[in-house]
Amino acid sequence: YPIHKNGMVIGFVPLILRRKGPFCVLSSLINDHCLHANPLVMKGYEEDFARLWPEVLLLDKRNWDVLEYFGGYSFQVDARNEWIERSCFLVKESKEATYSIVLPNSFNEYFNGHISENIRKNVKRLRNKLNKEFSYKYVCVTGEEAVGFLSTFITIEDSGWKGLQGSSIKSLQQSVQLYYERLLKLLSEKNRLYMYFLYLNDQPISGAICYLDQDVFHWDKVGYREE
């Protein structure tokens with residue numbers, strides 16, 4: 001939905017229309033690969049946009065029956081959905097806990113002072129196990145170099161239960177893999193892409209795709225070789 005003010009487009013609300021049985025359901029454009037469904041708003045017009053977009057949506061009410069709206073994360077400053085609570089519609093709201101943490105000044109400070117002693121002991125135990133049994137290393141790649149590691153990550157992720165159950169990137173339609181290729185390229189150009197790998201005996205056995213958005217570091221996609 002394009003949102004106008006004085007004849008000028010000041011933003012867009014990305015939604016998708018699906019039919020579920022006898023109902024037309026309008027829902028946020030999210031899936032297992034992307035939980036970012038924020039509206040696109042021109043800088044300086046945030047207040048106008050928040051006021052206008054519900055009106056635009058309701059004017060089109062004849063084309064949809066149910067709205068499934070993803071309100072975003074609590075740490076997102078633009079997650080304003082008070083209009084839904086004030087509306088005359090029957091509203092059912094659900095909230096899910098995330099695994100977000102607020103880092104103090106450094107990760108080391110968080111690790112040593114903000115998590116339980118049991119977790120610290122477990123991490124040290126696993127670290128000692130690696131030191132005794134394997135030749136290993138951790139690798140972090142960023143920018144354009146990280147884009148070249150996507151194929152390595154896809155191979156790792158497809159090797160285990162995700163591949164067998166058909167939920168890995170490699171086992172899905174080609175458009176999903178193309179999405180990740182373009183997403184990583186976009187993130188790398190903005191210096192927001194981070195990829196991590198654990199190597200055992202010079203072989204990559206686990207990996208993670210991570211990115212930075214609005215001062216939040218997202219641990220987005222992970223894969224590992226079960227054996």
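Y136 touches R127, L130, N131, L198, Y199 and L200, leaving aside residues up to four places away in sequence. These contacts come from a predicted model. Y136 itself lies in strand β7, and with a relative accessible area of 24% it is partly exposed. Along the chain, Y136 and P204 are 68 residues apart, yet their C-alpha atoms are separated by 9.4 Å.

## The sheet around Y136

Which strands make up the open sheet of four, and in what order? The order is β7-β8-β9-β10, and the pairing is antiparallel. Strands β7 (136–142) and β10 (216–224) stand at the edges; each has a single partner strand, so one side of each is left without a neighbour in the sheet. On average, neighbouring strands here are turned by 20 degrees against each other, with direction ignored.

Strand β9 (residues 203–213) pairs with β10 in the antiparallel sense, over eight bridges. Within that pair, Y211 stands opposite H218 in β10. Helix α8 (residues 174–189) packs on this sheet and touches β8 (193–200), β9 and β10. The direction of α8 makes about 110 degrees with that of β8.

For C140, the nearest cysteine sulfur is that of C210, 8.3 Å away, and C140 is in no disulfide. C210 is likewise in no disulfide, its nearest cysteine sulfur being that of C140. A disulfide here would need the two sulfur atoms within 2.5 Å.

C210, by contrast, is buried, with a relative accessible area of 0%.

C24 is a further cysteine to look at, and it is found in strand β4. At 16% relative accessibility, C24 counts as buried, because the cut-off for buried is under 20%. C24 touches L17, R18, R19, N63, W64, D65 and V66, not counting residues up to four places away in sequence. One of these, V66, is 42 residues from C24 along the chain, and the two C-alpha atoms are separated by 6.5 Å.

Here are the accessibility values for the residues discussed so far.

| Residue | Relative accessibility | Class |
|---|---|---|
| Y136 | 24% | partly exposed |
| C210 | 0% | buried |
| C24 | 16% | buried |

Strand β4 belongs to an open sheet of three strands, ordered β3-β4-β6, in which the pairing is mixed. The edge strands are β3 (15–20) and β6 (66–68), each of which pairs on one side only. From one strand to the next, the twist averages 25 degrees.

How do β4 and β6 run, parallel or antiparallel? Strand β4 (residues 23–28) and β6 run parallel and are joined by three bridges. In this pair, V25 stands opposite V66 in β6, and V66 is also one of the residues that C24 touches.

## The start of the chain

Strand β1 (residues 2–5) pairs with strand β2 (residues 8–12) in the antiparallel sense, over four bridges. H4 stands opposite V9 in β2. Two residues lie between the strands of this hairpin, where N6 takes a positive phi near 55 degrees.

Strand β2 also pairs with strand β5 (residues 40–41), in the antiparallel sense and over two bridges. There, F12 stands opposite L40 in β5.

## Helix α1

Helix α1 (residues 46–59) has 14 residues. From its first C-alpha to its last, α1 reaches 20 Å, close to the 20 Å expected at 1.5 Å a residue.

Where does α1 bend? The bend is at L52, by about 30 degrees, and a proline, P54, follows within four residues. Both L52 and P54 are among the buried residues of α1, together with D48, F49, W53 and L57.

Notes: Residues numbered from 1 in each chain as written. Predicted model: local features only at pLDDT ≥ 70, side-chain atom pairs only at ≥ 80, totals over all residues. Heavy atoms only, no water. Pairing = 2+ DSSP bridges. Axes fitted to C-alpha atoms, helices over the stretch in contact; angles between N-to-C directions. Contact = heavy atoms within 4.5 Å. Expected span 1.5 Å × (residues − 1). Bend = angle between axes of the 7 residues up to and from the residue. Buried < 20%, exposed > 50% of the residue type's maximum accessible area, 1.4 Å probe, protein only.
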